[in-house]
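This report covers the contacts of aromatic rings in one model. Please view the sequence and the structure first.

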Amino acid sequence: MTVETGEQGETGWEVDPDDEWGVAVIATVGRQLKLRREAVGMRAADFGEAVGYGEDLVYKVEGGKRIPRQEYLDRADAVLDAGGLIAAAWEDVKRVRYPKRVRELGKLEAKAVEIGIYECNSVHGLLQTPEHARALMEAAQPPYSMDDVERMVAARLARQTVLERDPAPSIHFVLEEAPLRRPVGGTMVRQRQLERLLEVGRLNHVTLQVMPTSTDAHPGVDGKIELLKFPDGTAVGRSDGAFNGRPVTEPRDLRILELRYGTIRAQALPSRESHAFIEQLLGET
């Protein structure tokens with residue numbers, strides 16, 4: 001894929017054609033940009049040069065094919081003397097800049113009062129550093145474009161604001177030992193990732209546990225488990241090894257996942273021992 005860049009190497013993001021709301025928002029913003037540009041009698045090529053982006057990207061943004069970044073809208077507002085009207089469109093754009101699935105997951109996490117996560121194959125996304133996340137995305141086959149990689153990394157980091165929520169949810173993580181030993185991104189990236197785990201694990205609303213590889217079989221060997229509980233008493237859960245991996249909300253199904261997750265937590269190292277274990281791994285880097 002050809003990536004159109006500006007002065008600072010920034011790009012727009014492609015619009016997901018299956019995201020109806022996102023398509024509508026970006027199409028509307030694109031039309032507004034085009035009408036404003038034409039109203040002042042500026043050609044697309046001249047406008048692109050003025051804002052520091054290629055003419056092709058200008059046409060794609062105006063045609064609703066690319067999601068503009070904030071600096072694009074800010075520059076467009078200044079060049080077209082829009083008095084803040086174009087820059088204000090960022091409030092709508094930022095709500096649809098990430099893939100629909102990620103937005104929906106982020107909404108659930110933002111409402112939850114309790115989050116329970118067991119992750120077996122990697123460091124969970126809520127705990128990943130930007131460098132770790134990028135290394136994972138770049139290892140995918142077939143490979144993602146660099147544009148897609150940056151979009152997915154940004155989306156993953158945006159979800160991590162749940163860790164800073166006020167009031168904060170109670171969050172429980174159980175991570176397998178093996179992914180913590182994998183040198184994703186190299187020594188420095190792994191070192192920073194382990195430091196990040198210790199930082200998050202010290203938050204008073206977070207419990208982080210490690211499942212040692214030496215532990216006997218447990219209910220998580222089939223895959224990850226996620227449990228989210230909400231203020232109204234409802235909940236949603238998902239497990240790779242149960243209910244075909246689909247989200248479940250029925251009390252009976254949730255009890256099964258809670259039983260499995262509770263057993264996993266009981267078999268993992270306690271929080272204090274888990275922190276000491278991660279510090280030991282950090283010392284080995």
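The model is predicted: local features need pLDDT of at least 70, side-chain atom pairs count only at pLDDT 80 or more, and totals for chains, interfaces and linings use all residues. Residues are numbered from 1 along each chain as its sequence is written, and side-chain values use heavy atoms, with hydrogens and water left out.

Rings of Phe, Tyr and Trp (its six-membered ring) pair if their centres lie within 6.5 Å; planes under 30 degrees apart are stacked, over 60 edge-to-face, and the rest tilted. Under this rule there are two aromatic pairs.

| Pair | Centre to centre | Angle between planes | Class |
|---|---|---|---|
| Phe 47 and Tyr 72 | 6.3 Å | 75 degrees | edge-to-face |
| Tyr 53 and Tyr 72 | 5.1 Å | 65 degrees | edge-to-face |

Phe 47 belongs to helix H2 (residues 44–51) and Tyr 72 to helix H4 (residues 70–79), so this pair links parts of the chain 25 residues apart. Helices here are DSSP runs (H or I, at least four residues), numbered from the N terminus. Because Tyr 53 lies in the loop between H2 and helix H3 (55–62), its pair with Tyr 72 in H4 ties together parts 19 residues apart in sequence.

One aromatic cluster is formed by Phe 47, Tyr 53 and Tyr 72. Buried means under 20% relative accessible area (1.4 Å probe, protein chains only), exposed over 50%, partly exposed in between. Phe 47 is buried at 1% relative accessibility and Tyr 72 at 2%; Tyr 53 is buried as well.

Elsewhere, the charged end of Lys 111 sits over the ring of Phe 230, 5.8 Å from the ring centre. This term requires NZ of Lys or CZ of Arg within 6 Å of the ring centre and within 35 degrees of the ring normal.

Conventions:
Helix = DSSP H or I, 4+ residues; strand = E, 2+ residues; numbered from the N terminus.
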